[in-house]
Amino acid sequence: MVTRWIFGNQLCKDLPILKDADKDEDVILMVEAESRALWESYHKQKLTLIFSGMRHFAKELEEKGFTVDYRKADSFREGWKEHKKAFNPNHVHITQVTDDRMRRALEKWEDELPEKIEVHYESEKPMFLLSKDEVKERLPGDGPWQADSFYRNLRKDLGVLMDGDDPIGGKWSFDQENRKPAKSGMDFPKKRTFRPDEITQQVMDEVNENYGDNPGELDSFEWPVTRKEALKALNQFISDRLPTFGTYQDAMLIGNADMSHSLLSSAINMGLLQPMEVIEKAEQAYHDGEAPLNAVEGFIRQIIGWREYMRGIYVKKMPDYKQVNELNHDTDLPSFFYTGKTKMKCMEQSIQPVIEKGYSHHIQRLMVLGNFANLFGISPQQTADWFNEMYIDAYDWVVLPNVLGMALFADGGLLSTKPYVSSANYIHKMSDYCNECPFHPKHKTEEDACPFNALYWDFLDRHEDRLGDNPRMKLIYSQWSKKDQDDKQAIKKKASSLKQQLTKGSFHE
Ligand code: FAD
């Protein structure tokens, strides 16, 4: 008898293990394991998304004629034991998992199996553009690698937005056109939302009962939990919101963490949507004249150039990657990350939507939250844990390279040539946050100065040995060296006082 075991982030209708399944003979196993839900103190919406997604997926498989053994158990191991007792399988088919902890748990489980049971690992490919081996081939050696060339080569090989051997539009990136700031009062087409059905409502009740102390609000749950819903979200994004995705991709606006972002990551990362179909729909919108090239290329680059690349870094660098801390940062993450109650408007605006729905967009994650963690010297591991717990789209394989690598430079520049740090200037330019903030974006050392200003220079000063020779930072270091000693002293004094204030809770609302 053959078991085909599907995990909660593998809810993909085109999995090879499903394609080969014999509906009359084989059994699909799905285990809702409490121990997995306890790996971290996950946002209540994340737990709801996965459990509801799994239950819907199981129901759909049954409707298609599969036999599904759906089990709620204390752990995967317990679920497996009960399944084995009931069905006595001699072959188990599993889709390759990316997350290292899960991979190791499976290895251990496999070692303890009786010899008569054979385990077959099959491709995860429809959920990624490349298999693990393929992505490794594209990232030879130990790095550092170049995201740009990874993107260009893969886009060419996939034949996406290509005109023969050349990129459509004559260049590979239209990023220069995609940096327009947002102005207060700007309106963006709303995202598609989904009302919880009976299954989701039942899961929400269970999550409230069993995980009531976990972070995050649950009442406003509106994420797609089925492929049908995810397709509706995708289609609405392509028709209504993709056209403005590019231009305002880096902008931030009070009260709007969505803007023109797709909000598709949760559905893609759990298999409800496949990256290639998302790319194809976006490309088609360009060919149909429904979205401009800067938007379509910008969007497609996120998936080919970033999602796939980040996963490759994870596959190449784990398990050591988890512990990287190049800049030796060890300050504790402040507790307002779990409440959003802080006087800093940019931080409040980037954290509150996470509490409300497990989401804030890329620039909020990178240039506000990541910047804060870097400038205050917060422990990269605590920061990564927070991202892992709180975001609806978070999994180890995508959190670690994004947080430790891209945002915090904790890997010493494996995937970005310099740290993404900035003074208040960037946030002031790209958002309307500073208009409603008690801290002044232009002040450096005054009582009401934005903390990011003194801390930015302090960061550069602290890490001059490590970063001073970086060709991309030469200009900024020459500005620092030109400041007179009194100015430097005042900045460093202010930075030191800000760090003390953080530990005393002064930035809490
Ligand atoms: P859009 O802005 O609409 O982008 C389209 C798609 O591109 C996304 O749905 C996603 O699939 C992909 N994408 C874009 N950028 C990245 C990237 N850097 N890495 C991987 N995929 C990317 N992404 C996650 O999926 N899960 C996370 O837990 C996560 N944590 C992050 C933490 C930090 C500090 C940073 C800087 C980035 C993180 N990202 C993460 C990447 C990115 O911010 C999110 O993928 C994106 O914000 C998801 O929202 P969206 O679907 O509206 O994306």
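How many bridges join strand S4 (residues 91-95) to S5, and which way do the two strands run? Five bridges join them, and the strands run parallel. The views below come from a predicted model, in which local features need pLDDT of at least 70 and side-chain atom pairs count only at pLDDT 80 or more, whereas totals for chains, interfaces and linings use all residues. Residues are numbered from 1 along each chain as its sequence is written.

**View 1. The open sheet of five strands.** Parallel pairing links the strands in the order S3-S2-S1-S4-S5, where two strands pair if DSSP finds at least two bridges between them, and where helices (H or I, at least four residues) and strands (E, at least two) are DSSP runs numbered from the N terminus. Strand S3 (67-73) and strand S5 (118-122) stand at the edges with a single partner strand each, so one side of each is left without a neighbour in the sheet. From one strand to the next the twist averages 25°, with axes being lines fitted to C-alpha atoms, for helices over the stretch in contact, and angles running from 0 to 180 degrees between N-to-C directions. Val92 stands opposite Val119 in S5.

**View 2. Helices H3 and H4 on the sheet.** Helix H3 (residues 44-63) packs on the sheet and touches strand S2 (27-33) and S3, its direction making about 165° with that of S2; two residues are in contact if their C-beta atoms, placed from the backbone, lie within 7 Å. Helix H4 (residues 76-87) also packs on the sheet, where it touches strand S1 (2-5), S2 and S3, and its direction makes about 140° with that of S3.

View 3. Most residues other than glycine have a negative phi, and most peptide bonds are trans. The bond from Gly143 to Pro144 is cis, with omega near 0°, and Pro144 is found in the loop between helix H6 (132-138) and helix H7 (147-158). A cis peptide bond also joins Met318 and Pro319, with omega about 10°. Leu161, in the loop between H7 and strand S6 (162-163), has a positive phi near 50°, and Leu263, in the loop between helix H9 (227-241) and helix H10 (265-269), has a positive phi near 55°. Leu161 counts as buried because it has 22 C-beta neighbours inside 10 Å, the cut-offs being 20 or more other C-beta atoms within 10 Å for buried, 12 or fewer for exposed and partly exposed in between, with C-beta atoms placed from the backbone.

**View 4. The shell around the ligand.** Of the 28 residues around the ligand, His261, Ser262, Ser265, Gln302 and Arg307 come nearest, a residue being near if its C-beta atom, placed from the backbone, lies within 6 Å. At least two residues of the shell come from each of H10, H12, helix H14 (362-376) and helix H16 (396-407). Domain 2 (132-317) and domain 3 (335-504) each contribute at least three residues to the shell.

**View 5. Domain 1 facing domain 3.** The C-alpha centres of domain 1 and domain 3 lie 40 Å apart, with domain bounds that come from an automatic or database domain assignment. The contact takes 12 residues from domain 1 and 10 residues from domain 3. On the side of domain 1 that touches domain 3, H3 gives the most, with three residues.
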